[in-house]
Amino acid sequence: MDAVTQDFEVIDTETSRAPMLVLGLGNILLQDEGVGVAVIERLQRRYRVAAEVELLDGGTSGMSLLDDLRDREHVIVVDAVRTGNPPGTEVVLRGEEVPAFLCNKVSPHQLALSDVLANLALMNESPHQVTVIGMEPLSLDTHLGLSELVAGRLQALTDRVIAEIKAAGYEVEALEQAAWNNNISLMTEA
Amino acid sequence: MAKRIVVDPMTRIEGHLRVDCEIDGGKVVKAWSSGQMWRGIELILEGRDPRDAWIFTQRICGVCTTVHAIASVRAVENALNMEIPLNAQYIRNMIITAHGIHDHIVHFYQLSALDWVDIVSALQADPVKAAQIAQSLSDWPLNNVTVFKDVQAKLQSFVNTGQLGVFASGYWGHPAMKLPPEINLIAVAHYFQALDYQRTANKIVSVLGSKTPHIQNLAVGGVTNPINLDSQSTLTLERLAYIKSVIDELGDFVRKVYMVDVAAIGAMYADWTQYGAGVINYLSVPDLPLDTKGTQFEMPGGYIQNADLSTFQPITSYQDTFFKNGVKESVKHAWYQGGKGALHPYDGETIPEYTDFQDDGKYSWVKAPTFYDKRAQVGPLANVLCMAAAGHEPTTRNLQMVLDMASAVAGAQIPVAALHSTIGRHAARAVRTAVLHETLNNQWTLLMENIGKGDYDIYNQPEFPKGEIRGFGFHEAPRGVLSHWTVIRDGKIANYQAVVPSTWNAGPRDEADEAGPYEASLMDNPVAEPEKPLEVIRTIHSFDPCLACAIHMVDTEQKEITRVQGVGAQCGVSF
């Protein structure tokens, strides 16, 4: 592993926080479970996203994401979801569907995430809007890298997230392949 | 008639736990702890570069990312018999202690306080009376009428919105809830304040680790935090001064709020010192190395048998053979091919053999670890008892402080022996947090002094020999002893096993059919209402389990399953 450059900007989250957070959740060691993280890595590597949008690989974190979620205008959660549809199906949930989604426990992380959202609600610091964009997994086996099916649909899912970012009024620009940010190490590609 | 309760997994991520209890005559008479996810990290690591292992292992778990990174680099460094520069040790130590403080505060307030505190009852409290009580216990400046009134109003508006249901683990009005409204109000106020302080602690991890979640600053051989006091892009005096201000801010909360709350709430639930002891052999490892080789540590560790502190045997170095030779894992009751008896982690096998849940046979994906063929409890209680047995001054002082405060509230002397219990694990965690805070402060001073001497070293280059080498790395993590074991052949990983805290505590019966710590701790726990097994949750939560799960009620007669809302544990891993 190469040395990673220090980034101390993290300290000033209060003053510099972006109004939109795109949060990829998932365990990359369980194949398609990591699809949310894969979308974040693709966005970081192949696109230039407006400064008002923060991209975050949340892994399987719970309460440590509290500070990242509080008081955002809009949070887009990208995750593997199970709704009974065929593997590879894209799922978008908004508004009232989101709490219902969290209560029905279709996502593997809902419990941790709902704990975080509950605490934010108690503090009156809930994100104003939460959208869940997910994909039905094919395989959750212990394996690094997505299944062929989900890997084949990763770009479509990424496009769906980009459309949501653009709909909120923020710019996303696709980079030429020569300009891809190769400093982003891809945890999600074996 | 015996009833069976099943605490079942919600999902399959992060290693979920299922706890089955048989309840008879209002108490638990039999218990099984079952991990519901199969472990396979070693399959992912096989054949990889050992220098990269830590970046993958920290993805095992959502709570303890940092700890798996630390244990992994230590295992590889141990195999290479490396020395680690002092600055790197101190920087790692600061990350470890800050993470531990964050983790313990979140556990007590956000993840387990609602097992004991009825937040709805806080609405009935008299804020003036609450302020008087709080001020009699601590001079924390936020213990005042204005703050308590404000919290009550905030809570009322939250309850009015009808969102209370978001707290999946709430047992409002349960008969086992015993605190007066004023104490509940004080606890709720501190619950809010804890949310601020836990993130304060996490800032230290962010600054030194470059990123949370998933720190990026480790390397086999040291850290990647270049030290150059004149450059803006490295670890500068300004950054170090900022960290010091965060450390100071944390100290008051730990001493004037967290320790006091645990002592007071513990004293009011003194009956819970009678339940939940379980396995009373305690194992912890020394941590926070003070030299380059890992032979001196700021926090001692070792092994105590049968709750007798005089039996304490220290573990003294990264080469310690007492630790290395004592660990084995049994798969007799786990869903793996066995028949070879309990195996040492270097020889460990992970070949699945699923059989369904068999009460007297195999019933878990978690292996059952033993220390010299005995079950051992790990975690803050084990850590604090071992440090006290070793005569570690900050531990004995802070432990006495908590016991004295609890005794004053209870109006009766509470002895050290009361720690072998459900409530004792919470008390020990608060003591450990105070010790971690003092240690964090020391490590900051040591780092500053060492930099002041002109030592800017942060990294030694690892070199992998041809042939086979073996190493283990241990870490006293927030949930207890964590060890990673690796066999490296020609510079590539040939075998990798992680023996994690939840394996020690949540493991099933072992080779001798002896119950594990979770299972043993549940025996004789009272259960007032089997439909709302708050008492079972209290004991399991006191271990700070890494799992996400819900309670399913199974009436074995009618085969009827009623879902009772979940345990609300955060997440994490149990393999």
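Q: Which residue in β6(A) does E90(A) stand opposite?

A: E90(A) stands opposite M135(A). One caution: this is a predicted model, in which local features need pLDDT of at least 70, side-chain atom pairs count only at pLDDT 80 or more, and totals for chains, interfaces and linings use all residues. Residues are numbered from 1 along each chain as its sequence is written, while chains are lettered from A and ligands numbered from 1 in the order in which they are written.

Q: How many bridges join β5(A) to β6(A)?

A: Strands of a sheet pair through backbone hydrogen bonds, either parallel or antiparallel. Here 4 bridges join β5(A) to β6(A), residues 129–135, and the two strands run antiparallel. Two strands pair if DSSP finds at least two bridges between them. Helices (H or I, at least four residues) and strands (E, at least two) are DSSP runs, numbered from the N terminus.

Q: What is the strand order of the open sheet in chain A?

A: The order is β3-β1-β4-β6-β5, 5 strands with mixed pairing. β3 (53–59) and β5 (90–93) of chain A are at the edges; each has a single partner strand, so one side of each lacks a neighbour in the sheet. From one strand to the next, the twist averages 15 degrees.

Q: Which helix lies across β1, β3, β4 and β6 of chain A?

A: Helix α2(A), residues 35–46, lies across them. The helix runs at about 145 degrees to β3(A). Axes are lines fitted to C-alpha atoms, for helices over the stretch in contact; angles run from 0 to 180 degrees between N-to-C directions.

Q: How many helices and strands does chain B have?

A: Chain B has 15 helices and 17 strands. Its C-alpha trace spans about 65 × 60 × 45 Å along the principal axes. With 575 residues, a compact globule would have a radius of gyration near 25 Å, and the 23 Å of chain B agrees. That radius is taken over C-alpha atoms, and the globule rule is 2.2 Å times the number of residues to the power 0.38.

Q: At roughly what angle do the axes of α8(B) and α12(B) cross?

A: Two packed helices are described by the angle between their axes and the distance between the axes. The axes of α8(B), residues 237–268, and α12(B) cross at roughly 160 degrees and come within 10 Å. The pair is therefore roughly antiparallel. Angles under 35 degrees count as roughly parallel, over 145 as roughly antiparallel, 65 to 115 as roughly perpendicular and the rest as oblique.

Q: Is the crossing of α8(B) and α12(B) left-handed or right-handed?

A: α8(B) passes α12(B) in a left-handed crossing. A crossing is left-handed if the near helix is turned anticlockwise from the far one by less than a right angle, and right-handed if clockwise. By class, this contact has 15 nonpolar, 6 polar and 2 charged residues. Ala, Val, Leu, Ile, Met, Phe, Trp, Tyr, Cys and Pro count as nonpolar, Asp, Glu, Lys and Arg as charged, and the others, Gly among them, as polar.

Q: Which residues of α12(B) meet α15(B)?

A: T422(B), R425(B) and H426(B) meet R538(B), T539(B) and S542(B) in α15(B). Two residues are in contact if their C-beta atoms, placed from the backbone, lie within 7 Å. This contact has no nonpolar, 4 polar and 2 charged residues. The axes of α12(B) (422–452) and α15(B) (534–542) come within 8 Å and cross at roughly 35 degrees. Their crossing is left-handed.

Q: Is the crossing of α5(B) and α6(B) left-handed or right-handed?

A: α5(B) passes α6(B) in a right-handed crossing. The axes of α5(B) (127–137) and α6(B) (145–160) come within 8 Å and cross at roughly 130 degrees. That makes the pair oblique.

Q: What is the order of the open sheet of 3 strands in chain B?

A: β13-β14-β15, with antiparallel pairing. 7 bridges join β14(B) to β15(B). I488(B) stands opposite I493(B) in β15(B).
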